[in-house]
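Subject: Structure for your review

Dear colleague,

Please find below the structure that I am handing over to you. My notes on what was found in it follow directly after.

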Amino acid sequence: MLFYRKYRLYDEGIEIMIPSDIEPADSFVPSQNSWMSKDKKTVINVSRGGEDLTETNLNNRLNEYYRRFCQDISHFECERISRRTINRKTYGEIQYLSHVTGYCFYNIFLLGSYMERELVVTIQCMESSREENEHIFENISDSIRVLRRQGEDTEGDRHAGKS
């Protein structure tokens, strides 16, 4: 049976569930949180980008990342590019394969926003362990929560109060 640990990031504004056998890894970037499996074959990163991001320009930003991946990642093979809703927030998703030093990796790239800045979640495993990790990766993606911080008011909450 697989257990998950809850992590709260960015002053407790983001919550994510990570399998308990995937441990926190050292990150040298303060805006990035990283986890790695003991066998070093599965890696998860959550980072805040410097770019502004709204739901309106999400498609444009996702397309920019896609073009950059095509250009910068050797042997980039896009499996799927789409939008998905997680916790009532819209994310762009790119699933792709990449080949590095003879190994094939399966990658999920999620782009959303947190406090109007980019929130980027990347999950990677060896292509050979894709099937066993697919449901785990779905659970990780679906677990992302942008928590309401005290004193914040969202547009949805303002509209919900009006009848």
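Asn-45 stands opposite Thr-122 in S9. The strand S5 (residues 42-52) pairs with S9 in the antiparallel sense, over eight bridges. Strands here are DSSP runs of E with at least two residues, helices are runs of H or I with at least four, and both are numbered from the N terminus; two strands pair if DSSP finds at least two bridges between them. The model is predicted, so local features need pLDDT of at least 70 and side-chain atom pairs count only at pLDDT 80 or more, while totals for chains, interfaces and linings use all residues. Residues are numbered from 1 along each chain as its sequence is written, and side-chain values use heavy atoms, with hydrogens and water left out.

S9 also pairs with S8, again in the antiparallel sense, over 10 bridges. In this pairing Asn-107 stands opposite Gln-124 in S9. S8 and S9 form a hairpin with two residues between them, and Met-115 in the turn has a positive phi of about 50°. Strand S9 (residues 117-126) is mostly covered, with seven of its 10 residues buried (buried means under 20% relative accessible area, exposed over 50%, partly exposed in between, with a 1.4 Å probe and protein chains only).

An open sheet is formed by three strands in the order S1-S2-S10, with antiparallel pairing. Its edge strands, each pairing on one side only, are strand S1 (4-9) and strand S10 (145-146). Strand S2 (residues 14-19) is joined to S10 by two bridges, and Ile-14 stands opposite Val-146 in S10.

Turning to the aromatic residues, the structure holds 10 aromatic pairs. Rings of Phe, Tyr and Trp (its six-membered ring) pair if their centres lie within 6.5 Å; planes under 30 degrees apart count as stacked, over 60 as edge-to-face and the rest as tilted. One of the pairs, Tyr-65 with Phe-109, is tilted, at 4.8 Å centre to centre and 45° between the planes. Because Tyr-65 lies in helix H1 (residues 58-72) and Phe-109 in strand S8 (residues 103-114), this pair ties together parts that are 44 residues apart in sequence. Tyr-65 is buried at a relative accessible area of 11%, and Phe-109 is buried at 4%. The rings of Tyr-66 and Phe-76 form an edge-to-face pair, with centres 5.7 Å apart and planes at 70°. This pair links Tyr-66 in helix H1 to Phe-76 in the loop between H1 and strand S6 (77-86), 10 residues apart. Tyr-66 is partly exposed at 28% relative accessible area, whereas Phe-76 is buried at 15%. Tyr-65, Tyr-66, Phe-69, Phe-76, Tyr-96 and Phe-109 form one aromatic cluster.

Two arginines sit over tyrosine rings; the criterion is NZ of Lys or CZ of Arg within 6 Å of the ring centre and within 35 degrees of the ring normal. The charged end of Arg-68 is 4.8 Å from the ring centre of Tyr-65, and that of Arg-48 is 5.6 Å from the ring centre of Tyr-10.

Lastly, the second largest pocket has a volume of about 210 Å³. On a 1 Å grid over the protein atoms alone, a pocket is an open set of points where a 1.4 Å probe fits, with protein on both sides within 12 Å along at least five of seven lines; lining residues have an atom within 4 Å of a point. The lining includes Asp-21, Lys-38 and Glu-132, and its largest share, three residues, comes from helix H2 (residues 130-143).

Yours sincerely

Methods:
Points joined across faces, edges and corners; volume = space filled by probe spheres on them.
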